[in-house]
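Trainee: Could you take me through this model feature by feature, giving the general idea each time and then the case at hand?

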Amino acid sequence: MHKYFGTDGFRGEANKTLTVEHAYKIGRFIGNYFGKDHRCQVVIGKDTRRSSYMFEYALTAGITASGADAFLLHVTTTPSVSYVARTDDFDCGIMISASHNPFYDNGIKLFNSKGEKMEDDVITEIERYIDGEIPEIPLAQGEEIGRASDYSAGRNRYIGYLISLAPYSFKGKRIGLDCANGSAFTIAKSVFDALGAKTYIINNKPDGFNINTNCGSTHIEGLVKLVEEEQLDCGFAFDGDADRCLAVDEKGQIVDGDKILYIYGCYLHEQGKLEGNTVVTTVMSNMGLYKAFDELGILYEKTAVGDKYVYECMNEKGYILGGENSGHIIFSKYANTGDGIITALNIMQVLCAKKCSLSELAEGMTVYPQILKNVRVTDKNIVLNDEDVKAAVKAAEDALGADGRVLVRPSGTEPLLRIMTEAKSKEICRQHIEDIEKVVRDKGYAAEYISAN
């Protein structure tokens, strides 16, 4: 467990828990670490938050002060940074974004030269430098000082790459796009327009403060309304940095990440192209997905929550499809990270190939009702190891049998216990959560109700 970096970068409230000093020092370390035997080159992208400009300049100052060169993609998507880092031989890539978080948060995501999330040992050294545990890095002088250059051409090449991935024309298709007032606003419409679709776009006017505000993949009701009112074939909602995508079918029904994995997993399986006949999921995927795969003879693996762990499993075992129900879907044939626009394009590929509606593609999977409740506790590890709590969880599991499941896990960033249940009805889910929470409270762990759905 790192001190500053989580599974998706260093994230926090801008200039409170993530400051310009942090960004400057990250830039200083990166420029020096990758530039020991050559002039290091770093590509940087950012989302539409007001603070992203501040962090862009701080990172650039740190990088160039260490004698490396910074290449600026400006406002772009997280997966585009991964793509450009990989294809243009950069030493690493940096994306400034807090993904689906509100505007006042921000984050710094690091990619290696392969466009993969930065290795843990490098992250460890960065944190040591931030905390002053390793010697100060010398400042570059004279001709050794680095420079910053515009690299918007890299973003344009990425757009061309996305267009090249579509094997079908979308002519005649009416498609809604919710850009979350984030990074996708510069890219998504261009791609779908170029492929012949009639696009209807919402939340594409970022002002620095409205990213993810009542829009995008975390607030998909706006896209549902658009699809229903305009009678569209389907719609796609991205998050702030466009590495997630959720869909809405022609009936206004939400197609989440699990259903997307089902649709594309079935498509590859039918063609005999699903490597290992396996789809990688996280422990939070709905059990309805597993039951549907069982019926079709499709195998699956479960990882810890986080697209980082999904990708590591895929990379280690050669699988080509994996993701999370939140909409982080990884198609390793096309990208080394989740890419919301590639997800949308691949859904459209299946829709066009099978000549049917999105609702028909998803109807083979039945979603089990699910409730997640977050409970604030004094010590996550003590609660999880308490024998009475474990007994309560076991009792719920025994009662549900094959018709449901219980997952109790600690939050990776907060003093929260996350209790999730799935069953045939929400009433059953709620009852088992209440039983487990009661034991936590009765044992004196000062649990405080936070949220539920």
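**A strand and its partners**

Mentor: Gly93 stands opposite Phe111 in S6, where strands are DSSP runs of E with at least two residues and helices are runs of H or I with at least four, both numbered from the N terminus. This is a predicted model, in which local features need pLDDT of at least 70 and side-chain atom pairs count only at pLDDT 80 or more, while totals for chains, interfaces and linings use all residues. Residues are numbered from 1 along each chain as its sequence is written, and side-chain values use heavy atoms, with hydrogens and water left out.

Trainee: In which sense do S5 and S6 pair, parallel or antiparallel?

Mentor: Two strands count as paired if DSSP finds at least two bridges between them. S5 and S6 pair in the antiparallel sense over 4 bridges, whereas S3 and S5 pair in the parallel sense over 5 bridges. Gly93 in S5 is also the bridge partner of Val43.

Trainee: How many residues of strand S5 are buried?

Mentor: Buried means under 20% relative accessible area, exposed means over 50%, and partly exposed lies in between, using a 1.4 Å probe and protein chains only. In strand S5 (residues 92-96), 5 of the 5 residues are buried, so the strand is largely enclosed by the rest of the structure. Both of its faces are covered, with Cys92, Ile94 and Ile96 on one side and Gly93 and Met95 on the other.

Trainee: Which residues of helix H4 are buried, and what covers them?

Mentor: The general idea begins with the geometry: an α-helix has 3.6 residues a turn, so residues three or four places apart point the same way. In H4, the buried residues are Val122, Ile123, Ile126, Glu127, Tyr129 and Ile130. They cover an arc of only 160° around the axis, which puts them on the same side of H4; the arc is that of the directions from the helix axis to the C-beta atoms. What covers them includes S1, S2, helix H1 (20-33) and S6, where contact means heavy atoms within 4.5 Å. Just after H4, Gly132 takes a positive phi of about 75°.

Trainee: Which residues are buried in helix H10?

Mentor: In H10 (residues 307-317), Asp307, Lys308, Val310, Tyr311, Cys313 and Met314 are buried. Their cover includes helix H4 (120-130), strand S13 (278-282), strand S14 (299-303), strand S15 (321-323) and strand S16 (329-331). H10 is followed by Gly318, whose phi is positive, near 80°.

Trainee: Which residues have a positive phi although they are not glycine?

Mentor: Ser99 is one of them, with a positive phi of about 60°. Ser99 lies in the loop between S5 and S6 and is buried, with a relative accessible area of 1%. Gln231 has a positive phi of about 55° and lies in the loop between helix H7 (221-230) and strand S10 (234-238), but Gln231 counts as exposed at 66% relative accessibility.

Trainee: How many salt bridges are there, and which parts does the pair of Asp8 and Lys117 tie together?

Mentor: Side chains of opposite charge can pair when their charged atoms come close. A salt bridge here is a side-chain nitrogen of Lys or Arg within 4 Å of a carboxyl oxygen of Asp or Glu, and by this rule the count comes to 29. The side chains of Asp8 and Lys117 meet in one of them (2.9 Å, N to O). Asp8 lies in the loop between strand S1 (5-6) and strand S2 (9-13), and Lys117 in the loop between strand S6 (105-111) and H4, so the pair ties together parts that are 109 residues apart in sequence. Asp8 counts as buried at 14% relative accessibility, while Lys117 counts as partly exposed at 22%. Asp8 and Lys117 also belong to a network of salt bridges that links them with Arg11, Lys109, Asp241, Asp243 and Asp307.

Trainee: Where do Lys390 and Glu387 lie?

Mentor: Both lie in helix H14 (residues 387-400), 3 residues apart, about one turn of the helix, and their side chains meet in a salt bridge (3.2 Å, N to O).

Trainee: How many residues does the largest nonpolar core have?

Mentor: A nonpolar core is a set of buried Ala, Val, Leu, Ile, Met, Phe, Trp, Tyr and Cys residues joined through side-chain atoms within 4.5 Å. The largest has 66 residues, and those with the most contacts inside it are Phe170, Ile175, Phe192, Phe236, Phe238, Leu321 and Leu358. Helix H11 (residues 340-354) gives the largest share of this core, 9 residues. Apart from it lies another core, of 33 residues, among them Ile63, Leu72, Met118 and Tyr129.
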